[in-house]
Every structure is written in C-alpha cells, then in structure tokens.
Amino acid sequence: MGSRKYNIRAYPGFIHLTVLCLLILYLPLAIVAVYSFNNSPSIVVWEGFSWRWYLDVFIGLESAKFKLAAKNSFIIAIIAATVATVIATFSATAMIRGGRFRLRTVSFGLISLPLMVPEIVTAVATLIFFNSIGFERGVLSILLAHIAFCIPFSYLPIAARMQGIEDTYEEAAQDLYATKRQAFTKILLPLMMPGIISGFLLAFIISLDDFIITNFVKGAGVETLPTAIFGAVKQGIKPNIMAISTMLLAFSIVMVTLSYLISKSDDKT
Amino acid sequence: MAGVASKGGEVRSDTYRDSRTWLLLPAWLTLVVLVLVPVSLMLVYSFLTKEFRGGVVWEFSLAAYDQFFCDRGLFGDEPCSIEWNYITIFWRSIWQAGLATLFCLIVSFPTAYFIATRPQSTRVIWLFLITIPYWVNLLIRTVSMRFMLREEGPVNNVLVWIGIIDDPLQMINTSFAVQIGLFYSYLPFMVLPIYAAVERYNFTLSEAAADLYATKYVTLRRVIIPSIQPGIIAGCILVFVPSLGAFLAPDLLGGAKNFMIGSLIEEQFKGNAGNWPFGAAASMILLSMVMIILTLYARQQSKALGAGS
C-alpha cells in the first residue's frame, strides 16, 4: 500500500458528508436546547439567557400536570425495564446456555416480534386486547404494554454479553461441587452484569420515550411525559416545552453514555 | 442488530438445558399474551361490525375491507368500483417512506464508509456520535425539526439572511417536511448496517482493482458497492419499514394534506368518529405489507448465504 501515490481507501468529500450527517442529527436538538434558555415568551427572538422556563416547568401554572406525567413516566419505565430485564436474562440463559432445541428459533422469533411488528400495529392490537377483556386503561395497561416491547431491547445486549463468556468458568465451579444454581448466581450472573445493566438502561430509555403505544393504551386523563408533551405541542411549541424536552434530552444522553461506558469497561477485563 | 442476524446468539453450552423450559416461560407468556394474542384478535376485529361509538359488535362482516377497497357511491348501494381514497394514502406512505430511505442512503453510505475506514480508536467515537440521537426521544426530535422548519424558524432565517430567498418558504405541512422528518427519525438505522458491512469488506479487493487500472469510482461502483450490498439492503429495510407506519413525522410535520397510514389508523381509534374494524383492517394491511418485505428479505438472505458457502 505504501508504494501507491494516493490512499486507496479514501474518497474525497466523504468526510464532508459525514460532518453534514452529524450536523443534521445534532443541529435541531442543539437549537431547541439553546432556545430553551431564551428570556422571552416568544420563540422567535432571542432576548438573552435565563433559567425562567426551567423554573416555569417546576413551579409554573402547568407544573402539576408535568410533575404527574413525569412521575408516571419514571415509575412505568423503572418497573417495565426491571421486569423486562429479568425476563430477558432468563431467556438469554436458556437460549445461549441451554443447548440446541427445537423451539429455539421460534423462541427467538417471538422475542424479536415487537421489533418486527410496526409500532402503530402493536398499539392498535394492544388497545383491542385490553378493550375486549375489559381491562381498565390506565397506568397498569401502559406498564404491561411497555414490558412486552422492552423485552427485545434488553435481550440483545444481554445475549451478546452471554455469548462472550466462556463456559469454562461455570465448569470449574461445578467441578468444585457448586450446584447449577450456585454456578448461575455466583459465577454467570456477576460476569453478565455489564450486559444486564446496559440491557436495563436501554429498556428504560425505550419505555421512557414511547409515545405511540402509550397514546393508544392510556386511559383518559392519564399522561406520561411524551403524551403530555405531544398534547402541548399540538397547541404550538412553547418555551416551557422546549425546557422539558431539553431536560429529557440531557437525561437520555447521560443514560446512553453510561450504558456505553459500562459495556466498554468490560471489554478491557 | 447483530443478534438478529445470528438468530438470537450462538449456543455457548448446554449447562442449563434442564431448566430452559422454565427460563423461557416468562418470555413466552408475556409475548404470547401481550403481542401474539392481541395481533390475532386484531385480525378477528377487522372482520366484525362496527359499533356506533367506537368498539365492535360481534357479528361477522366484510364491511371494513369493503370500505377500504370499494367505492359504492353516495348511498352505498352501487356495485363495487375501486375506492382510490385509502389506496392513495397507502401509496403516498410508500412514496414518502421510499424517498426518506433514498435520502438516508445518500447521506449514510459516505458516512458509514468514512467511519469504517478510520483507525480503530476513533471509529468507536464516530459510531457513538451517530447512535446517540437514536436514543433521544423520537417525539422531541420531531418537535425540534418542526421548530427548525417553521416559517419564522432558523432554516428560513438563515436562507433569507444569506439572500437565497426573499420571503420565508412554507416548509411545515408539506410532503418535503415529512420526508425530512422521516429521514431525521431513522438515519442511524441506515448508517449502522452499512458500517458493519464496510468494516467486513476486504480492502485487498480495492488494491486488486487499482492494480488493474480501475479508477476509484469504478472501484466504488463495481467492487465496493456490490460487496457491501447486504448491508445496504438491511439499512434500507430498517429505514423503510418504520417510515411506512410512522405517525409522528406526518402528524407534526405534514398536516392534513400529507396523511399517511399511521394517521389513518390512529384516527379510527380516537374519539367517537372512529371505526375500529376499519382501523384493524388498515393495520392488518400494513402488517401484511411489512411481513411480505421481511419474508422476501429473509429469503434473499438465506439464498445469499447458500450461494456464499
């Protein structure tokens, strides 16, 4: 390769398109974040830096509504992500360390089903289901729907991690007379922790962000952050919505960065 | 996404073979009860009679599909001639999703190629930067795009300031805004599979092409692109499929004129004007389209695997 006069891999302009790609991805978010600090009730002109819209979110006229929505969102996300992660950890153990079996492919098809069915279709189906069995729509119906579609998101990082762990560790444990249960809880589970944590965090964000399914299965008057934001945006983008959005944005970025750092730290060990 | 390709991950051992039934039971229960049964129930609902104020009457009826495909005149008593209203909405969705996929491809290919040819250490950072926006709330991303494109928004301001246009352009509530919104929503889905394909690409092939006096662009067109085609196809599917059933982008950026399948379905379940069997039928038609695309893709993949070995 050294003998050639030009770099055979490089194409001119590709770096510019990459930068353009990142600009397209980040510019709208950055501008909304900047305008959330605008000291003006108008979203058109810039009148200097201020925290007033953040204050407005916490103590303003609509604060009660947003606090309740945030509380619902976080409670649902924490429970849904926890349950989905436990289910996904069990499934991954069976799939990766349970040998080959006949229903393995079918099981994986079932686990990835929420990724293949369009979200709006899942939303309609879930609404019809709850309606036909007479299940009251509210926080509980949202929670059940979220658990189902969070499973594949926690499964994928957990299964990937489990695949990377040699089975010699458990064999050694069992040679030393550990039971299978002990080998699982004392050896496999701690080794899988990075995968489990990133699976949990991803499921948590997916639940926190969901709009379409929540919008269908929530009862009247029950709101999560996304449905509350959507309702408010329908009447026009106001600065307090931009402040909420910016906080949610910052929160998601922190969570993903955490998940990334955790999965990266285990690469080195 | 890598897990999807390798069918749930490779089998590592059979240590827990005795308890695998119990270990899989919670996932089976949850997904059968909360996804499989509801989707089957939706199929049943699409063949029921509509209740006046939402919901259904348990009486078999083809009315929902008839309404979708048949125009029976003002009084509903004429013989069936093709109803274009809903087919047009589906066709528009396919067109919008297709254009969004094309835009994504044009931007993503050079981006993915550029990232995959970086040294290992910086590659991870570029990839991380591309994936972060995917984890940001889709609603917030769509709202921020609406903020950007509105009449007195930043995009118009910059264009007027540079002097490209004299008066602000109407960008919100156009089909262009929907395409941009879909493009923005699913761009990372295109970059990642193409990146994975370029990373596996054997660059000695480019060397060989150059040795045989191929120019860079001939190499790109005749060697690189054919080799990474599976990644390109995977990316197109990952963008096209969710775009087809998208709700937020057409709703917040497109307005009433740019109605897509998602909005049509949503409308049937909101308020009293809704028609549940019709909404279920439209969902079934959307689901069938997606399943056909995924089946064709799976078949093409297994064929490619068979040819490769």
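Buried means under 20% relative accessible area, exposed means over 50%, and partly exposed lies in between (1.4 Å probe, protein chains only). This is a predicted model, in which local features need pLDDT of at least 70, side-chain atom pairs count only at pLDDT 80 or more, and totals for chains, interfaces and linings use all residues. Residues are numbered from 1 along each chain as its sequence is written, chains are lettered from A and ligands numbered from 1 in the order in which they are written, and side-chain values use heavy atoms, with hydrogens and water left out.

**View 1. A:Leu144 in its helix.** A:Leu144 is partly exposed, with a relative accessible area of 26%. This leucine sits in helix α7 of chain A, residues 139–163. Helices (H or I, at least four residues) and strands (E, at least two) are DSSP runs, numbered from the N terminus. Leaving aside neighbours within four places in sequence, A:Leu144 is in contact with A:Phe130, A:Phe135 and B:Leu34. Contact means heavy atoms within 4.5 Å. A:Leu103 lies 41 residues away from A:Leu144 in sequence and 25 Å away in space, C-alpha to C-alpha.

**View 2. B:Thr219 in its helix.** Helix α10 of chain B, residues 216–227, holds B:Thr219. B:Thr219 is buried, at a relative accessible area of 5%. Neighbours within four places in sequence aside, B:Thr219 is in contact with B:Ser206, B:Ala209, B:Ala214, B:Ile224 and, from the partner chain, A:Tyr11.

**View 3. The interface of chains A and B.** The size of an interface is often given as the accessible area lost when the parts come together. Buried area here is the accessible area (1.4 Å probe) that two parts lose on being put together, summed over both. Between chain B and chain A it is about 9,500 Å², and carbon and sulfur atoms give 75% of that. B:Arg12, B:Tyr16 and B:Trp135 supply 9% of the area that chain B buries against chain A, more than any other three residues. In all, 96 residues of chain B are in contact with 104 residues of chain A.

**View 4. The fold of chain A.** Chain A has 12 helices and zero strands. Its radius of gyration is 23 Å, well over the 18 Å that the globule rule gives for 269 residues, so chain A is more spread out than a compact globule. The radius is taken over C-alpha atoms, and the rule is 2.2 Å times the number of residues to the power 0.38. The C-alpha trace spans about 75 × 70 × 35 Å along its principal axes. Buried residues make up 55% of the 269 in chain A. Of the contacts in chain A between residues at least 6 apart in sequence, 72% join residues at least 24 apart.

**View 5. The fold of chain B.** Chain B has 14 helices and four strands. Its C-alpha atoms fill a box of roughly 75 × 75 × 35 Å, taken along the principal axes. Of its 309 residues, 50% count as buried. Among contacts in chain B between residues at least 6 apart in sequence, 63% join residues at least 24 apart.

**View 6. Charges on the two chains.** Lys and Arg count as positive and Asp and Glu as negative; His and the chain ends are not counted. Each charge is placed at NZ of Lys, CZ of Arg, CG of Asp or CD of Glu. Chain A has 21 positive and 15 negative side chains, with the centres of the two sets 4 Å apart. In chain B, the mean positions of 21 positive and 20 negative charges are 11 Å apart.
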